[in-house]
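We'll take a short tour, one piece at a time.

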Amino acid sequence: MGREFIELFDEWSTSYDNSVTGNEIEYREVFKDYEHILERVAELSYGHVLEFGAGTGNLTKKLFALGCKVTAIEPSHAMRMIANDKLNGKVKIVDGDFLHFPKPEYVDSIVSTYAFHHLTNEEKAKAIDAFQRLLKPGGKLVFADTIFTTSEYCGQIEPSVRRFEPLFAVN
Ligand SMILES: C[S@@+](CC[C@H](N)C(=O)[O-])C[C@H]1O[C@@H](n2cnc3c(N)ncnc32)[C@H](O)[C@@H]1O
C-alpha cells in the first residue's frame, strides 16, 4: 500500500540532504527551489500540523520554528532517525504512511512535500477522504510535489512506474 519504495528511502537517507541542495546533477531539476518551496508550505500552515512523508525533517524543522505544533509521519526508519537527530526530539516523528497513521482527534493543517506522488490515484482519493474528516472547519491542506510537465510526457513513461499523475494541485 504505497510503501514499496521504503527500502530505497532507507538507503537514500544518509545522502538525501545533499541531494536536495542541488549538488547532485540527477536531482538538480527535481529539487529546484527546494528551500523556498518548503518555506512557502510552512508559511501557509498553522496550528496543529500533521505532516506526511517527513523524510529527514527539513519541513518539520521549518514548521516547528514558526511555532506550529507538529505531528510528523514517516514510514522509513532510517529517515526517522535522521529527522529525530535534526529536531533534537522536540517533534514527535512516528511510523506511518498516508493511509495508516495514529489519528489525532483533529488538526488545523495537513502538509506534505515531495511524497504524495508515491500513491496511486485510488490511494490518493482514499487519503483525501480521510483528511477531510480530520481537518477542523477552515483547516488547510498544503501539499507541494513534483509532477510531469505535460500529460503527453506522462503517457510516455512505463505504466508500472507511472505514479505521478496529479489528482489535484495546490499552489
Ligand atoms: C523525497 S522524500 C521527501 C521528504 C521530505 N518531505 C522533504 O520534503 O524533503 C519522500 C518521503 O516520503 C516517504 N514516503 C514514501 N512512501 C510513503 C507513503 N506511502 N506514505 C508516507 N510517506 C511515504 C519516504 O520514506 C520519504 O521519506
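## A well-covered helix

Let's begin with helix α4, residues 58-65, where Leu59, Thr60, Lys61, Lys62 and Leu63 are buried. Buried here means that 20 or more other C-beta atoms lie within 10 Å of a residue's own, while exposed means 12 or fewer and partly exposed is in between, with C-beta atoms placed from the backbone. Helices (H or I, at least four residues) and strands (E, at least two) are DSSP runs, numbered from the N terminus. Among the elements covering those buried residues of α4 are α3, β1 (48-52), β2 (69-73), α5 and β4. Just after α4, glycine 67 has a positive phi of about 95°.

Some ground rules: this is a predicted model, in which local features need pLDDT of at least 70 and side-chain atom pairs count only at pLDDT 80 or more, while totals for chains, interfaces and linings use all residues. Residues are numbered from 1 along each chain as its sequence is written.

## Two helices side by side

Now find helix α1 (residues 6-19) and helix α5 (residues 77-86): they pack at an angle of about 30°, and their axes are 7 Å apart. The axes are lines fitted to C-alpha atoms, for helices over the stretch in contact, and angles run from 0 to 180 degrees between N-to-C directions. So α1 and α5 are roughly parallel to each other; that label goes to angles under 35 degrees, with over 145 being roughly antiparallel, 65 to 115 roughly perpendicular and the rest oblique.

Who does the touching? From α1 come Phe9, Asp10 and Ser13, and from α5 come His77, Ala78, Met79 and Ile82. Contact means that C-beta atoms, placed from the backbone, lie within 7 Å.

Strand β4 (residues 107-113) pairs with strand β5 (residues 135-144) in the parallel sense, over 6 bridges. Pairing requires DSSP to find at least two bridges between the strands. Valine 107, for instance, has leucine 135 in β5 as its bridge partner.

## Two loop residues with positive phi

Aspartate 33 sits in the loop between α2 (25-28) and α3 (34-43). Its phi is near 60°, a positive value in a residue other than glycine. Is aspartate 33 buried or exposed? Aspartate 33 counts as exposed because it has 11 C-beta neighbours inside 10 Å.

Asparagine 88, in the loop between α5 and β3 (92-94), isn't a glycine either, yet has a positive phi of about 50°. Asparagine 88 has 9 C-beta neighbours inside 10 Å, so it counts as exposed.

Technical notes:
Two residues are in contact if their C-beta atoms, placed from the backbone, lie within 7 Å.
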